[in-house]
Amino acid sequence: MVSYILAIFLLKIYLINLRVKMKKLKIGICGWGNVATGLFNTIENNNKFIKSNGNLEIEIVVIGARRDNPKCDPGAVKIERDIFDVIDHDIDVVVELIGGVDVARDLILKSINKKKHVVTANKAVLFHHGDEIFKEANSNGVKILFESSVCAGTPIIKLLTEELSANKVTKIAGMLNGTSNFILSNMEEGSDFKPTLELAQKEGYAEPDPTFDIEGMDAAHKIGILSSLAFGTPLPPDDFYIEGISKIEKIDFKYAKDMGFTIKHLAVSKLNQDKIELRAHPVLIKKDSYLANLKSVRNGIEVETDLLGTLHIAGSGAGQESTASGVISDLVNLANSNDNILELDSNRNIELVDFMSLSFQYYFYIESNITPEAVEKITSIFAKKKIALESIAHKEDSKENISHIIVITDLFLERELQYLYENILNLESVNKIRSIRIESN
Ligand code: HSE
């Protein structure tokens with residue numbers, strides 16, 4: 001009895017010690033832009049929560065900043081003008097927030113070789129060099145964490161690799177670029193593309209070169225990483241259809257709405273028989289669907305699993321605070337786990353589906369100045385390819401003296417699209433054509 005009470009007493013002391021023994025990490029931040037200064041401020045402002053919830057004290061030892069940032073005073077923290085000098089300091093972790101690919105790869109590999117753990121928000125460098133980086137980290141016994149590389153602080157990486165580890169994942173589909181969703185949902189409310197993009201840049205959502213956001217590359221990097229984690233697809237993938245939102249116009253939202261749809265940018269990685277379908281492009285999706293109702297800079301992901309069914313995750317997918325939240329979650333994870341955590345493993349010989357072999361229903365917007373003739377000829381072009389039309393309608397635009405011909409097709413093979421474009425645009429009565437795929441569910 002006495003030894004039983006003693007054992008309980010010792011266990012309690014052990015548990016109390018476990019709880020109170022605060023972990024400490026010394027970090028060096030590389031980069032001093034929007035994201036890095038956001039991290040600096042968040043570590044200062046939310047210090048209380050990081051300590052009480054994460055059991056972690058973070059000491060910022062050094063910052064690699066090529067130049068000062070007038071928006072943030074680093075106080076007494078040592079500044080290195082050459083970001084590579086950060087690695088030489090007495091730190092446990094290099095937090096890579098410089099973005100870009102080549103210099104970031106170099107910095108990460110050098111950090112690994114100096115036995116520093118790396119936390120990065122950089123999806124582009126992982127997309128292009130993930131395999132190499134993880135191999136190096138493994139052989140040097142250090143960890144790479146990258147929660148904020150996909151959806152910023154909205155948790156998906158650890159969720160996929162830890163919480164869902166007992167599940168067979170069959171599909172991941174989501175709006176992974178905050179800037180695109182910000183632009184599209186503002187256009188849906190009547191704003192124009194260009195000023196909305198400028199606003200996204202001002203708010204710090206868009207990449208330094210916003211081409212990556214609006215042409216689909218950023219979302220492609222993110223789904224590439226998720227796909228590699230969930231299915232082992234190669235990085236970079238060898239067959240990947242990528243299209244951005246830059247060709248969408250306000251009028252498309254009106255026609256989409258009339259038919260019960262809205263327009264989103266969707267990135268998909270999906271088990272398709274024994275291969276993986278990987279694509280990132282704009283879609284028409286049903287207005288009442290979960291993803292359709294996520295507005296502004298929010299990201300949203302649906303994960304289809306065997307044990308949980310469909311899981312929905314949504315949250316801010318860009319910006320200083322959200323990214324800081326993801327980076328800090330990695331630091332907490334790093335400090336509180338002993339084992340080797342996740343690794344991108346793209347050597348599982350997984351083949352990608354040939355995009356041209358997929359079938360989609362389509363929305364077409366066609367502009368014409370000789371309506372009846374154009375409608376007849378367009379219908380016969382689709383008929384020639386045996387593509388059935390769900391509807392074909394035209395609306396007069398009296399101001400421009402043209403008509404808009406709106407076509408909704410049945411499913412047809414992606415490889416027929418080019419033929420349709422060439423032949424419809426060849427018609428004398430047609431001035432303009434664009435199309436958006438319709439996502440089936
Ligand atoms: N430019 C990115 C976006 C930032 O808009 O989603 C977060 O990765």
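Which residue has a side-chain N or O atom 2.6 Å from an oxygen atom of the ligand? That residue is T179, whose side chain places an N or O atom 2.6 Å from a ligand oxygen. This is a predicted model, in which local features need pLDDT of at least 70 and side-chain atom pairs count only at pLDDT 80 or more, while totals for chains, interfaces and linings use all residues. Residues are numbered from 1 along each chain as its sequence is written, and side-chain values use heavy atoms, with hydrogens and water left out.

**Ligand site**

| Residue | Ligand atom | Distance |
|---|---|---|
| K123 | oxygen | 2.7 Å |
| T179 | oxygen | 2.6 Å |
| D213 | nitrogen | 2.7 Å |

Taken alone, the ligand exposes 260 Å², of which the protein buries 94%; such areas come from the Shrake-Rupley method with a 1.4 Å probe. The residues that surround the ligand, each with a heavy atom within 4 Å of it, include N177, G178, Y205, E207, D218 and K222. By class, this shell has 3 nonpolar, 4 polar and 5 charged residues, where Asp, Glu, Lys and Arg count as charged, Ala, Val, Leu, Ile, Met, Phe, Trp, Tyr, Cys and Pro as nonpolar, and the others, Gly among them, as polar. Helices α7 (178-188) and α10 (217-231) each supply at least two residues of the shell; helices here are DSSP runs of H or I with at least four residues, and strands are E runs with at least two, numbered from the N terminus.

**Backbone features**

In the loop between α10 and β8 (241-242) lies P236, and the peptide bond from L235 to P236 is cis, with omega near -10 degrees. C151, although not a glycine, has a positive phi of about 65 degrees, and A152, also not a glycine, has a positive phi of about 50 degrees. The loop that holds C151 runs between β6 (144-145) and α6 (157-163), and A152 lies in the loop between β6 and α6. C151 counts as buried because its relative accessibility is 0%, and A152 counts as buried because its value is 4%, buried meaning under 20% relative accessible area with a 1.4 Å probe and protein chains only. In helix α11 (residues 250-258), the buried residues include D252, F253, Y255 and A256, and just after α11, G260 takes a positive phi of about 85 degrees.

Definitions and conventions: A polar contact is a pair of N or O atoms within 3.5 Å; within protein, one must be able to donate a hydrogen and the other to accept it, and residues adjacent in sequence count only if both atoms are side-chain atoms. Buried means under 20% relative accessible area, exposed over 50%, partly exposed in between (1.4 Å probe, protein chains only).
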